[in-house]
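Hello,

Here is the structure I said I would pass on. Please open it first, then read the notes below alongside it.

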Amino acid sequence: MPDERFADHLSFPRGRGHTPADAVAGNAGGALCGDLVTIRLRIEGDRIADAGFDAEGCGATIAAGSAVVELLDDAHVLDAARIGTTQVADALGGLSVGKLHAADLAADALHRALGRAVRTQAAVPAPRPDGGGRTLVAMSGGVDSAVAALLSARDATDVATVTLELWADDGHDGTQSCCSADAVRGARALAHRMGLPHFTLDLRAEFRAGVVDPWLADHARGLTPNPCVRCNGHVRLDAMLDYADRLGAATLATGHYARITPDGLLRQAVDEGKDQAYMLAALVPGTIARLRFPLGELRKPQVRELAAQAGLPVARKPDSQDLCFLAGVGRAGFLARHGGPALGDVPGDVVDRDGTKLGEHRGHHHLTVGQRKGLGLTGGTGEPLHVLRTDPATNTVVVGPRDALATTHVPLRDVTLHRAPERVDRVRLRYRSHALPCTLRDGAVELHEPVHGAAPGQVACLLQGDVVVGCATIAR
């Protein structure tokens, strides 16, 4: 139960109504719960220079906001990042279950403010050269990133963690996503359980502009985009490295299954079934040089066992299976919700290679080259039909037998190479596909064996053996 500290904070709230100069604010709560906390703070160098708060609702909310301001008094940025629900409740002498919600809100508001302030104001010095350096670890709240943090903490003397908030809307199921406000809270609790400071990096605007909007536009153009490659290559990792600079961290560790060669290129992971080098293929060498992949030499069962041995509650947590921003909505629902009428249900013709109408579809953007399921059609011999191509201009989908998909010539665009073209000897045309022997010639890959369907818009990961030496986008 709260002791006299609770009454003291309630009667004499620290910093209530105070707005520091150049303050950055974060809030939590609102109309649904009736309680609202706003924390405002300013960072100078590596310390919290000033803080204040406002609160509406129950007395516990006011006391919790006051406790946060007191905890922040001249605190080091990394110590401020260790403040969570438990620390706020303890500062009030403990809270009953009914009042613990106030500490949750105050901690959420603090971390929203802190995350934003670090991005624009912090300048945390790197540790002394003999201190082992500092590593920032990207934590999603799943077992892979948790073990990456665990191993980084064993290898380095100084570790901080960060979780990205990338997407939120009314239909989004935050409990099933790795980038929602719910995921941020879960990752923060996990980091604090491990004794590590945790930061929140809000990239919702950048994610919408750099990933979601291009994904929607590509669907309208009849392409099959891979948003994860775009996100890793142009949004997430570079933003986290900039954040690492603010925190004096020389390296960024992630839970991706990948490795790095001695000359600074990506290499596929030991666990081929979990390998994510494909998803990282758009990274440039300068970015790769600062990355660490602690899981690259491990297999998934080993990772789960390490988590279990450390008593981490995510040891058996299932892996997420869908794109982070589709959680609770689904692909078709998301396209209709955010892409406007053109990406909703727009019936069109399904035709064979001769142009004979065989049926109708719900919109060309719902189908991709090679797809069989969902067509409900068979050829004259009863064999399943596959999507051969889509025509967004006429909203027509052309289907045919699987053999009609076979090709050894895959045209490319936007080719980026880190080694000479003649070094490319394999290519992966989809995330879950096997690497195929090939030759890179005149802006295309010539396959040494046919592939049944290469979807325009997908990423072609160019390899030399198991080393990523470039990437491109499959053209029409």
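Start with helix α5 (residues 100–121) and helix α7 (residues 181–193). Their axes come within 12 Å and cross at roughly 95°. An angle from 65 to 115 degrees counts as roughly perpendicular, so α5 is roughly perpendicular to α7. On the α5 side, the contact involves Ala107, Asp108, His111 and Arg112. They meet Ala181, Arg185, Arg188 and His192 of α7. Bear in mind that this is a predicted model.

**The sheet**

Next, look at the open sheet. It has five strands, in the order β6-β5-β4-β7-β10, and the pairing is parallel. Which strands form the edges? They are β6 and β10 (291–292), and each of them pairs on one side only.

Strand β4 (residues 134–138) runs parallel to strand β7 (residues 251–253), and three bridges pair them. Here Thr135 stands opposite Thr251 of β7. Two helices pack on this sheet. Helix α6 (residues 143–155) touches β4, β5 (158–165) and β7. The direction of α6 makes about 170° with that of β4. Helix α9 touches β4, β5, β6, β7 and β10. The direction of α9 makes about 130° with that of β6.

Strands β5 and β6 are also parallel, joined by five bridges. Thr163 has Thr200 in β6 as its bridge partner.

Is β6 covered on one face or on both? Both faces are covered. His198, Thr200 and Asp202 lie on one side, Phe199 and Leu201 on the other, and all are buried. Five of the five residues of β6 are buried, so this strand is largely enclosed by the rest of the structure.

**Aromatic pairs**

A search of the whole structure finds nine aromatic pairs. One of them joins Phe199 and Tyr243. Their ring centres are 6.1 Å apart, with 70° between the planes, and the pair is edge-to-face. This pair links distant parts of the chain. Phe199 sits in strand β6 (residues 198–202) and Tyr243 in helix α9 (residues 227–246), 44 residues apart. Phe199 is buried, at 1% relative accessibility. Tyr243 is also buried, with a relative accessible area of 1%.

Phe207 and Phe325 make another pair. Their ring centres are 5.8 Å apart and their planes stand at 65°, so this pair is edge-to-face. The cut-off for that label is over 60 degrees. Phe207 and Phe325 are both buried.

Ring pairs link Trp167, Phe207, Trp215, Phe325 and Phe334 into a cluster.

**Salt bridges**

How many salt bridges does the structure hold? There are 33. Three of them are worth a look.

- Asp466 and Arg267: the closest N and O atoms are 2.9 Å apart. Asp466 lies in the loop between β19 (459–464) and β20 (467–474), and Arg267 in strand β9 (residues 266–268), so the pair ties together parts that are 199 residues apart in sequence. Asp466 is partly exposed, at 26% relative accessibility. Arg267 is partly exposed too, at 32%.
- Asp79 and Arg82: the closest N and O atoms are 3.3 Å apart. Asp79 counts as partly exposed at 43% relative accessibility. Arg82 counts as partly exposed at 34%.
- Arg413 and Asp414: their side chains meet at 2.8 Å, N to O. Arg413 is partly exposed, with a relative accessible area of 29%. Asp414 is exposed, at 55% relative accessibility. The cut-off for exposed is over 50%.

There is also a network. Salt bridges link Arg112, Arg116, Glu165, Asp202 and Arg204. Two of these names have come up already: Arg112 is among the α5 residues that meet α7, and Asp202 is one of the buried residues of β6.

Best wishes

Note on methods. Residues numbered from 1 in each chain as written. Predicted model: local features only at pLDDT ≥ 70, side-chain atom pairs only at ≥ 80, totals over all residues. Heavy atoms only, no water. Phe/Tyr/Trp six-rings, centres within 6.5 Å; stacked < 30°, edge-to-face > 60°. Helix = DSSP H or I, 4+ residues; strand = E, 2+ residues; numbered from the N terminus. Buried < 20%, exposed > 50% of the residue type's maximum accessible area, 1.4 Å probe, protein only. Pairing = 2+ DSSP bridges. Contact = heavy atoms within 4.5 Å. Axes fitted to C-alpha atoms, helices over the stretch in contact; angles between N-to-C directions. Salt bridge = Lys/Arg side-chain N within 4 Å of Asp/Glu carboxyl O. Parallel < 35°, antiparallel > 145°, perpendicular 65-115°, else oblique.
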